[in-house]
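These are my notebook entries on a structure that I had not examined before. I record what I looked up, in the order in which I looked.

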Amino acid sequence: MAERVRTSSQMNVSSRSAEDLWSKAVDALDNEDRFCIDFKEEVDGGAYSGDLIPSDRLAILKDVLQNVDEKKRICMDKRWKYKKGNKTIIIRDQLEKVTDWVNKFKQIGDIAVQYDPAHAALPWTGIRFFLQVTVNDSQTFGAMVDGLEMISDLLTRYTIFEHLYLQEATIGQMENSLKEQLTQAITKLYISILKYLSNARRYYDRRTTARLAKSIVKNAESTVGLHIEAILAEKANVDECARLHRSTIASGHQTRILERLQRLGDLLGTIDEPIRRSASEVSKIHDALQRQERQAMFNWLSRTQHKQYHKTIGKDFLQQSGQWLMEHPSFTEWRGDSCSSILWLHGIPGSGKTKLVYAVIEFLNERCANVPASAPLAFFYCVRNASEPERADPDEIFRSILKQLSCTRSDIPVREPMAMRYKTLKDEADEEGCEDPPRLNVKECVEVILELLDENPAIIIIDALDECDPNRRHEIMAALQTITQSAASVVKVFVSSRDDQDIRCRLENSPNIYIQARTNGEDIQRFIETQVYQAVREKRLLSGNVSGELQNHITNTLILKAQGMFRWASLQIQNLCDAQRIKHEQDIREELGKLPRDLQQSYDAIYSRIISAGPTSRIVAEKAMKWILCAQRRLNMQELIAAVSTDLHGHHITLTATDLLDMCCNLLIIDEEAKIFRFAHLSVREYLESRDGYNELEINTLV
């Protein structure tokens, strides 16, 4: 190999600009490494040159994209994955990220017109070279693609860094010193990248890869891994230098530089955003179903109104809530990883889990809004309610998810696996003289979902797993694990629940986020401040006659005592707004001095007010809550009012919806979308079930 080594002048690196840090990096290599990175010779029969004309540079990037597309097709056909530690990586998704990095790299020239991306042509040529290597082992190929994705990320990221921090001519003396420090740091990073490419070539060269034994491959991954560690160390050094440089520029008030930093900083911000996965375009699918047939299929598959439930939950959602979750490292990693995985959000009752799930769905939908044929997102809000049994039924949960992943509009085609399954079952039902096919169970839904995931990624979100049938929810968790382990494409699963033992046993080894008072503290603070302000403005609290000092006292006290529980805070504000009991500022101060410790004590206080009310009000309230506890179907508002509109002697009384809410002290609320009464929170149902007089036999006997 040594006799074939070219000198740096032969590679034409000396003719390049002094600002070409890639030239400096090449010059710092020894002869053997320099030869190994001469990818131009291997691919095109010529030497690498820093004098590539723009069309040549674009041709390299075009070649990279074409090679990536070809490799993606191969990975799809072979369903290739590879093991990386305890993760199973979908190789096709890693290649999708390379495509994303190339497209972002091309954007740099549009924003930073004075920056010449020719300097980064050499490593991109290296990436092109490796993509043209023939590798027939998924583990070897996966490790190679993993490295190429990392290099693509670094090339794009630090090309922006160069322009952000090294292309300014008017910089003070101290800034010049920092600039030199940053220049050296970036150059060392580039050297480590080139050494990685050189070392990788020794193992992945198409002339030798076929002869590598598995033991050698394992050694190759270990050796290349050492170079990755070196790259990450140099990257950390660059980031620290950039941080110092950025603070110096800011302190110098150089507005022009700051404006340019902002524009490219915005692009740098998009780099940290995980890729937005796409699926095959529905418009290109032909399912041979008429619109009426599709509607019949949807009605057969699932009638659950998942969008309506989502809309209901979002009605009182406080904007900007949940930002801490979107920025949480576990959430970011879950979104960005090229492996299928389950992320578990868990916490105590009343900690805002369902609102956070709403925020996650909105966040992901917003990110996909401008992506053509974005990966489908399916969600389900579970509820433990005897009148809505389908919302806790594992079969219905997965039927709804399957429906959403297949398509949810009757005017556009259904994805083929679902259309074919329905046709088969419908034909069998017709042969037997049945109007509709038998409905799918969890296992059958999973089979079709996996077929859908053969070519397309997806996101699945399930809220309140703990509210599902305790005797069957293990089926849900087993099904989700089957999907994540068997899917050919990346599938991201997000579930929320309390810390029930059976759920914890299944999910404790999955990535998880526990809601603590310190994590959702800002959300709690904003919630309490907003609720107290609205109570004063709407004159529900002391008819609006609340001093600024008292308002602050209320807010600060509730924030201090909430301990991460939105439901607890909401109950205390409702209590303070009870005009029949709270008539003076001193009443409020006394209430704040004896706040209940938790939800149990809060409900005890509320229930004591219910039973201490007049006999008719007490009877109506208890009957209403017992009806909702035991109803086997949803009762509309008129039906429930009619069922409880009798006094102590059984005589009919006039009753309005507002009257009923007052009598129940807001333990009931009105679901405006469904036009029904429901418990304000699952914890209300659980509290009543724990009380004497509310066991199943007694409430059914009353009704």
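Which residue in E5 does Phe380 stand opposite? I found that Phe380 stands opposite Ile462 in E5. Before going further, I noted that this is a predicted model, in which local features need pLDDT of at least 70 and side-chain atom pairs count only at pLDDT 80 or more, while totals for chains, interfaces and linings use all residues. Residues are numbered from 1 along each chain as its sequence is written, and side-chain values use heavy atoms, with hydrogens and water left out.

**Entry 1: confidence.** I looked up pLDDT, the predictor's confidence in each residue, from 0 to 100. The protein averages 83, and 83% of the residues score at least 70. Residues 41–54 have a pLDDT below 50, and this stretch has 36 contacts in the model beyond near neighbours in sequence; contact means heavy atoms within 4.5 Å. Residues 168–174 are also below 50, with 10 such contacts.

**Entry 2: strand E5.** I took helices (H or I, at least four residues) and strands (E, at least two) as DSSP runs, numbered from the N terminus. Buried means under 20% relative accessible area, exposed over 50%, and partly exposed in between (1.4 Å probe, protein chains only). Ala458, Ile460 and Ile462 point one way from E5, whereas Ile459, Ile461 and Asp463 point the other way.

I then checked the partners of E5; two strands pair if DSSP finds at least two bridges between them. Strand E4 (residues 377–381) runs parallel to E5 and is joined to it by 5 bridges. Strand E6 (residues 491–497) also pairs with E5 in the parallel sense, over 5 bridges. On this side, Ile462 stands opposite Val495. From E5 the chain crosses through helix H19 (residues 473–486) to E6, in a right-handed β-α-β crossover. Right-handed here means that, with the strands pointing away from the viewer, the path from the first strand over the helix to the second runs clockwise.

**Entry 3: Ser400.** I located Ser400 in helix H16 (residues 394–406). Ser400 has 1% relative accessibility and counts as buried. Leaving aside neighbours within four places in sequence, Ser400 is in contact with Ser302, Thr304, His306, Phe379 and Phe380.

**Entry 4: aromatic rings.** I counted 15 aromatic pairs in the structure. Rings of Phe, Tyr and Trp (its six-membered ring) pair if their centres lie within 6.5 Å; planes under 30 degrees apart count as stacked, over 60 as edge-to-face and the rest as tilted. Trp22 lies in helix H1 (residues 21–27) and Tyr190 in helix H8 (residues 173–204), 168 residues apart. Trp22 is buried at 1%, and Tyr190 is buried at 1%.

Tyr607 and Tyr694 have ring centres 6.1 Å apart and planes at 75°, so this pair is edge-to-face. Tyr607 is buried at 3%, as is Tyr694 at 3%. Ring pairs also link Phe331, Trp334, Phe363 and Phe494 into a cluster.

**Entry 5: charges over rings.** I looked for NZ of Lys or CZ of Arg within 6 Å of a ring centre and within 35 degrees of the ring normal. Arg391 lies over the face of Tyr309, 3.6 Å from the ring centre. The charged end of Lys626 sits over the ring of Tyr694, 5.0 Å from its centre.
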